[in-house]
Each structure stands twice: as structure tokens, then as C-alpha cells.
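Subject: Structure handover

Hello,

Here is the structure you will be taking over. Please look at it first; my notes on what was found follow below.

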Amino acid sequence: MIILKKKQFIVIGLGRFGRSVAITLSKLGHDVLAVDIDESKVQEISEEVTHAVQIDAMNEKILLEVGAKNFDIGIVAIGEDIQANIFVSITLKQLGINYVIAKAQNEKHANILKKIGVDKVVLPEHDMGVRLAYNLTSTSILDVIELSPEYNVVEIKAPDLWHNKNLIELNLRAKFKINILAIKSELGKINISPAGQDIIKLNDILIAVGEKEDLDKMINHFI
Ligand code: ATP
């Protein structure tokens, strides 16, 4: 796992999602300001993050007072109140926060967030559903990350037919339009910039990126 350099995060909305993001970031050693309108949510998390404050994030003046514009990354985890979620996301961008991530309730909401310039939109239930379905139905896919509506990153067991072949011989870019980003050996050693001459060994795990259709084609080819 690659751990980012210590950064400053502001997490707004401490439901299950926001709380879990805030606590995990804090455990990873980052500075976290956790914010909620509900005092009890703030109390519950106060021991577990750097700072926790009770404010209404809809109030731009108060956001400024807590220093919101000094954070590297803003995470908007307000859920049911879609209007507040959108308003706070716009405000964080306007304050000049470099990277704003917002949790969307549905596809329509996600599209609006993208249009207003939110850098990353997450749909936790949707994203988990996609991962679970792939994990349940495929023998060779170990994990999947949805990069965009078109692209996925998948972790797959190297098909038997690839053993003892190198990446040039396999010619996956030309055959399936996919790129191998990394190769993980059985012992857990990771080659993060595989070269053409690198040979695929028994029980290697490959991290591949490509269009979903192309990845499916490649995987179905070997089932
Ligand atoms: P989850 O699924 O993550 O548990 P949810 O999607 O049901 O949460 P909500 O509970 O609606 O989301 O909102 C998450 C949190 O955001 C709540 O704790 C709520 O108090 C907080 N919140 C809502 N509006 C504001 C606001 N204007 N300012 C600060 N916090 C807010």
C-alpha cells in the first residue's frame, strides 16, 4: 500500500461514511478536522481525530473561521440533504481547496457534482455493489476499482496460459487494449513498473487497467 505524505483533510458530515473516512485517515497519520452540525456526532469522534468541531457547514463565514481554506483535501460526506451536499461542495471549491471529494446519493446527484467541479465523486453503495458482484461471479477477478464509467482497474490471477511468457510475447496491449500496471508474486513481492521482458510466473497476480468491455473480453477469453 502506498501511503501519501502527511496531509490536511477536512471531513464534513460524520455519518457512517464520513466517520469511517475521518478515523481511517487519522489512523494513517494525517491531520483531520472532522465537522458535523450534530454535536453528538462531534463528541463521538473527538478522541479519534486531530480536531472535531460542531458547525453548520452551510454557513460559509463559519467555514472560513475554522480555516477550511487551508486544507489540502475536502471530503463532503453529507448524505440525505442533497442541497447542503452540493452547496458545501461548491463552497469548498470556491474557498480554493485543491481537491474536493463528495459522496453522491445517486447518479443524477453525481453528475451535478462533477459539473460543478468536484474532483472526485463517490457513490459508496454503488461502488461496493460493483466490487462485490465481480468478486462473487468471477473466478479470476480478485478485485476491481471503477476508475470512471468506461475504465476499470482489476486485480486478476494470471491465466495458466500466460505462465512463463513475458509481456512482449503476450502482447496484451495489441490483443486486448489493456495495460499491466503491476505484477504481484505469490510471495507478495510487487513489480510496479513491469517491463516487456518480465515473465509471468505461476500464481502471479496482475493489476490491469483498461476499458471495461476490453477487460471483460480478456477475462472471458481465459475462463
Ligand atoms: P451515512 O450513510 O454515511 O451514515 P447518510 O448518507 O445517511 O450517512 P446523513 O446522515 O444524511 O448521511 O449525513 C451525514 C452527516 O452529515 C450527518 O451526521 C449530518 O448531521 C451531517 N450534516 C448534514 N448537514 C450538515 C451541515 N449543514 N453541516 C454539517 N454537517 C451536516
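Around the ligand, the shell residues fall into eight nonpolar, four polar and seven charged. Please keep in mind that this is a predicted model. In total, 19 residues surround the ligand, and the closest are Arg-16, Phe-17, Asp-36, Asp-56 and Lys-103.

- Arg-16 places a backbone N or O atom 2.7 Å from an oxygen atom of the ligand.
- Lys-103 has a polar side-chain atom 2.8 Å from an oxygen atom of the ligand.
- Gly-79 has a backbone N or O atom at 3.2 Å from an oxygen atom of the ligand.

On its own, the ligand has 640 Å² of accessible area, and the protein covers 84% of that. Arg-16 and Lys-103 are also among the residues given above as closest to the ligand.

Pockets

Which pocket holds the ligand? The ligand sits in the second largest pocket. This pocket contains about 550 Å³ of space. Its lining is made up of 27 residues, and Gly-15, Ala-77, Ile-78, Gly-79 and Glu-80 are the closest to its centre.

The largest pocket holds about 2000 Å³ of space. It is lined by 47 residues, and those nearest its centre are Lys-120, Val-122, Arg-131, Ile-145 and Glu-146. By class, 31 residues of this lining are nonpolar, six are polar and 10 are charged.

Domains

The domain assignment divides the protein chain into domain 1 (8-122) and domain 2 (127-222). The C-alpha centres of domain 1 and domain 2 are 34 Å apart. Where does the lining of the largest pocket draw its residues from? Domain 1 (8-122) and domain 2 (127-222) each supply at least three residues to the lining of the largest pocket.

Regards

Technical notes: Residues are numbered from 1 along each chain as its sequence is written. This is a predicted model: local features need pLDDT of at least 70, side-chain atom pairs count only at pLDDT 80 or more; totals for chains, interfaces and linings use all residues. Side-chain values use heavy atoms; hydrogens and water are left out. Domain bounds come from an automatic or database domain assignment. A residue is near a molecule or strand if one of its heavy atoms lies within 4 Å of it. A polar contact is a pair of N or O atoms within 3.5 Å; within protein, one must be able to donate a hydrogen and the other to accept it, and residues adjacent in sequence count only if both atoms are side-chain atoms. Accessible areas come from the Shrake-Rupley method with a 1.4 Å probe; for residues, only the protein chains shown count as cover. On a 1 Å grid over the protein atoms alone, a cavity is a set of points where a 1.4 Å probe fits but cannot get out, and a pocket is an open set with protein on both sides within 12 Å along at least five of seven lines; lining residues have an atom within 4 Å of a point. A molecule sits in a cavity or pocket if more than half of its atoms lie within 2 Å of its grid points. Ala, Val, Leu, Ile, Met, Phe, Trp, Tyr, Cys and Pro count as nonpolar, Asp, Glu, Lys and Arg as charged, and the others, Gly among them, as polar. Grid points are joined across faces, edges and corners, and a volume is the space filled by probe spheres set on the points.
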